Amino acid sequence: MNIFASLVQGDSAAWLDGPIALADGRQADAASGWALKYMLRGPATLDITAAASGSSWSSTLTAVASAGLGAGTYAWQATITKAAERLTVGTGQLLITPDLTAQSAGYDGRSQAVIALQACEAAMATFNATGGKVKKYEIAGRTMEFQTIGELLQLHSFWMLKVNAEKTSADLAQGLGNPRNLYCRFVRPQ
């Protein structure tokens with residue numbers, strides 16, 4: 001299925017899906033009467049009915065419909081129907097990101113993991129500056145009391161892993177590759 005992976009709230013999108021080979025050997029296409037529909041479920045709900053375009057299907061998400069979607073992760077499912085038959089032909093997830101032109105001056109575009117990591121680092125700096133005497137902190141809106149610096153370091157490691165995972169996902173989505181992959185080349189000596 002050719003549905004987008006990420007879209008900014010308020011942007012429009014259009015995509016084309018070709019004929020689908022079914023498990024029983026048949027081919028489903030728009031020309032033979034199959035209808036394709038996408039269902040998006042997440043912070044909001046949206047159903048997109050594809051239009052026939054020869055033997056393919058053309059799907060469109062208008063700017064108005066996109067603006068009505070809340071920012072966040074959505075699960076999507078694509079189904080085809082013909083008479084009494086209904087088959088699920090694809091599932092996945094997509095991301096709707098906020099439209100920055102519609103955000104107020106106090107908008108914070110950082111993820112929850114980045115916010116918590118930065119708060120944890122500030123708590124560690126306070127802990128170190130007081131010589132370990134201040135052990136009560138507010139991190140990500142929650143008040144916590146630490147017995148040792150080890151507990152704070154453990155929390156820091158947790159959020160650092162989350163931030164690194166987000167960065168890896170973003171790099172992969174942009175085609176930059178996985179930073180954890182290490183390649184080497186062996187050459188024959190001359």
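**View 1. Asn128, an exposed residue of helix 2.** Asn128 has a relative accessibility of 55% and therefore counts as exposed, where exposed means over 50% relative accessible area, buried under 20% and partly exposed in between, computed with a 1.4 Å probe on protein chains only. The residue belongs to helix 2, which covers residues 112–129; helices (H or I, at least four residues) and strands (E, at least two) are DSSP runs, numbered from the N terminus. Its C-alpha atom is 9.1 Å from that of Ile149, a residue 21 places away along the chain. In all views the model is a predicted one, in which local features need pLDDT of at least 70 and side-chain atom pairs count only at pLDDT 80 or more, while totals for chains, interfaces and linings use all residues. Residues are numbered from 1 along each chain as its sequence is written, and side-chain values use heavy atoms, with hydrogens and water left out.

**View 2. The largest nonpolar core and a second, separate one.** A nonpolar core is a set of buried Ala, Val, Leu, Ile, Met, Phe, Trp, Tyr and Cys residues joined through side-chain atoms within 4.5 Å. The largest has 26 residues, of which Phe4, Tyr38, Leu40 and Leu61 touch the most other members. Two or more residues come from each of strand 2 (13–17), strand 5 (35–41), strand 6 (45–49), strand 8 (56–61), strand 9 (72–82) and strand 10 (85–97), and strand 9 gives the most, with four residues. A second, separate core has eleven residues, among them Ala113, Cys120, Met124 and Trp159.

View 3. With contact taken as heavy atoms within 4.5 Å, and with neighbours within four places in sequence left aside, Leu61 is in contact with Phe4, Leu7, Ser12, Ala13, Trp15, Leu46, Ile48, Ser66 and Leu69. Ser56, which is found in strand 8, is buried because its relative accessible area is 13%. Not counting residues up to four places away in sequence, Ser56 touches Leu16, Asp17, Gly18, Pro19, Ala30 and Ala51.

**View 4. Aromatic pairs.** Rings of Phe, Tyr and Trp (its six-membered ring) pair if their centres lie within 6.5 Å, and planes under 30 degrees apart count as stacked, over 60 as edge-to-face and the rest as tilted. By this rule there are four aromatic pairs. The rings of Phe4 and Trp15 have centres 5.6 Å apart and planes at 80°, so this pair is edge-to-face. Because Phe4 lies in the segment before strand 1 (6–8) and Trp15 in strand 2, the pair ties together parts that are eleven residues apart in sequence. Both Phe4 and Trp15 are buried. Phe158 and Trp159 also form an edge-to-face pair, at 4.9 Å centre to centre and with 75° between the planes; Phe158 is partly exposed at 42% relative accessibility, whereas Trp159 is buried, with a relative accessible area of 15%. One aromatic cluster is formed by Phe4, Trp15, Tyr38 and Trp76.

View 5. Helix 3 (residues 149–173) has 25 residues and reaches 36 Å from its first C-alpha to its last, close to the expected 36 Å, the expected span being 1.5 Å times one less than the number of residues. Its buried residues are Leu152, Leu155, His156, Trp159, Val163, Thr168 and Asp171. Just after helix 3, Gly175 takes a positive phi of about 80°.
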